[in-house]
Amino acid sequence: MLAAYAARTDADQPLNALQVGELDVASTPGGQQTPDDWVEVELRAAALNHHDLFSLRGVGLSADQCPMVLGCDAAGIGPDGAEVIVHAVINAPGFSGPDTTTDPRRSLLSERCPGTLAERIRVPAANLIAKPAELSFAEAACLPTAWLTAYRMLFVRSGVRPGDTVLVQGAGGGVATALILLARHAGLRVWVTSRSAERGERAVGLGAHAWFPSGERLPERVDAVLESVGAATWSHSINALKPGGTVVICGTTSGAEPSKAELTKIFFKPLQVVGSTMGTREELVGLAAMLVATGLRPVIDSTLPLTAAADAFARLESGAGFGKIVLTAGRN
Ligand SMILES: NC(=O)c1ccc[n+]([C@@H]2O[C@H](COP(=O)([O-])OP(=O)(O)OC[C@H]3O[C@@H](n4cnc5c(N)ncnc54)[C@H](OP(=O)(O)O)[C@@H]3O)[C@@H](O)[C@H]2O)c1
C-alpha cells in the first residue's frame with residue numbers, strides 16, 4: 001500500500017531518510033509486531049508532527065526498526081464503517097492505571113508499530129473514538145497529538161483558572177497554535193512569543209492578547225508558561241513566571257540542554273516544573289467535544305495528498321508553516 005516511511009534514519013539530513021511509495025507494511029519489523037486482534041482503519045487524513053522529524057533523525061527509532069511507517073495522527077473509517085479518530089498512545093499489555101500517559105512502557109504509533117501515514121492503519125480497537133460529524137477528516141486528524149497535548153497541558157497539568165495569564169512559547173507550531181486557541185476560549189489572558197513579527201501578528205489574529213519577540217522581557221510576570229521549544233526559551237520561561245507559577249513542558253524542539261538549568265530560581269521563587277505528554281483517550285473525547293461546543297477548529301497550514309508527503313515534510317522542517325500540515329489519503 002502507499003505509505004510515507006523512514007527507510008532508515010539520518011541524524012543530520014532527516015528528509016533523506018524519508019521514502020514515499022508502495023510498502024508491504026505487514027512484513028516490516030513494526031508490522032510483524034502488530035497484534036492480530038488490532039483493527040483496521042481506512043485513512044482519510046493524517047497530520048504531521050515534529051515527532052515525525054525526530055523519528056527520521058533516529059530519535060526514538062533505531063535503524064533496525066526501519067522501514068517504519070511514520071505518523072501519529074489519523075482520522076478515517078473504522079472497521080464497522082463509522083468515522084473515527086485514532087488515539088496514538090499504545091499502552092503495554094496489562095497496563096491498568098487510570099492515567100495511561102504514566103505507563104512507562106507505552107509507545108506512540110510509529111515508534112514500535114507502524115504509524116498513520118499509510119492508506120490503511122492497524123490499531124487497538126480501544127484507541128478509536130467517534131469523529132464528530134461537525135469536524136472534517138482533516139480537522140479531526142489534527143487532534144490526537146498536538147491538540148491533545150495542548151489540551152492536557154492547559155486543562156490537566158497547568159492549574160490555571162479563567163482570568164489567569166499564560167505565556168505560550170512559539171507562535172506557529174502545531175502545539176503552539178492549539179494552545180493559543182484553547183487558552184483564549186477558556187477565558188485566559190494569552191501572551192505569545194515568536195521569532196518572527198509576522199507569526200506573532202498571526203497569533204494575535206488567532207486570539208492571543210499580545211505577542212513579544214522571543215526572549216524579550218514581559219511587562220509583567222505570568223501565572224503559567226506553556227513550553228514546547230526547550231533550550232532556546234527555558235531561561236525566559238523561568239524568568240517570566242510569578243512566584244509560585246508553573247511551567248508545563250511537553251517538548252524540546254530547539255534542544256534538551258539549556259545553557260542554564262535555572263535551579264536557584266526554581267527553588268527560590270518557588271516554581272513548579274511540570275512535565276506533560278500526549279493525553280488519555282478520555283481527554284481526546286473531551287477535546288473533540290470542546291471543539292463541537294465552541295466551534296473552535298484547528299489551524300491548518302496546508303493540505304497535501306499522501307503522495308506529496310516529501311513536500312509536506314520539507315515544509316515542516318523549514319519551520320515556515322503556521323498550524324498543522326495535513327496529508328489526505330489519495331494519490332492526486
Ligand atoms: N510530549 C508530547 O506528547 C508532545 C506532543 C506534541 C509535541 N511535542 C513536542 O513539542 C514540540 C512542538 O511540536 P510541534 O509539532 O508543535 O512542532 P512545530 O510545529 O515544529 O513547532 C515549532 C514551534 O517552536 C517554535 N520554535 C522553534 N524553534 C525555536 C527557537 N529556536 N526559539 C524560539 N521558538 C522556536 C516555533 O515558534 P515560531 O516559529 O513562531 O518562533 C514554533 O511555534 C516538539 O518538540 C514536539 O516533539 C511533544
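Author: In this predicted model, three strands form an open sheet in the order E2-E1-E4, and their pairing is antiparallel. E2 and strand E4 (68–69) are the edge strands, each of which pairs on one side only. Between E1 and E2 there are five bridges in the antiparallel sense, and within this pair Ala3 stands opposite Gly21 in E2. Helix H10 packs on the sheet, where it touches E1 and E2, and its direction makes about 160° with that of E2.

The helix itself deserves attention next. H10 spans residues 309–318, and its buried residues are Ala309, Ala312, Phe313 and Leu316. Viewed down the axis of H10, these buried residues fall within an arc of 95°, so they line one face of the helix. The spacing follows a general rule: an α-helix has 3.6 residues a turn, so residues three or four places apart point the same way. The partners of the buried residues of H10 include strand E1 (2–6) and strand E2 (18–22) from the sheet described above. After H10 comes Gly319, which has a positive phi, near 75°.

Strand E12 (residues 189–194) pairs with E13 over four bridges in the parallel sense, and Trp191 stands opposite Ala210 in E13.

The largest nonpolar core has 51 residues, of which Leu143, Trp147, Leu182, Val192 and Leu287 touch the most other members. At least three residues of this core come from each of domain 1 (2–142 + 298–328) and domain 2 (146–275). Leaving aside residues up to four places away in sequence, Trp147 has contacts that include Cys142, Ala178, Leu182, Leu287, Pro298 and Val299. Another core, of 39 residues, lies apart from the largest one, and among its members are Val41, Ala74, Ile90 and Cys113.

Notes. Residues numbered from 1 in each chain as written. Predicted model: local features only at pLDDT ≥ 70, side-chain atom pairs only at ≥ 80, totals over all residues. Heavy atoms only, no water. Buried < 20%, exposed > 50% of the residue type's maximum accessible area, 1.4 Å probe, protein only. Helix = DSSP H or I, 4+ residues; strand = E, 2+ residues; numbered from the N terminus. Arc of directions from axis to C-beta. Contact = heavy atoms within 4.5 Å. Pairing = 2+ DSSP bridges. Core = buried A, V, L, I, M, F, W, Y, C linked by side-chain atoms within 4.5 Å. Domains from an automatic or database assignment. Axes fitted to C-alpha atoms, helices over the stretch in contact; angles between N-to-C directions.
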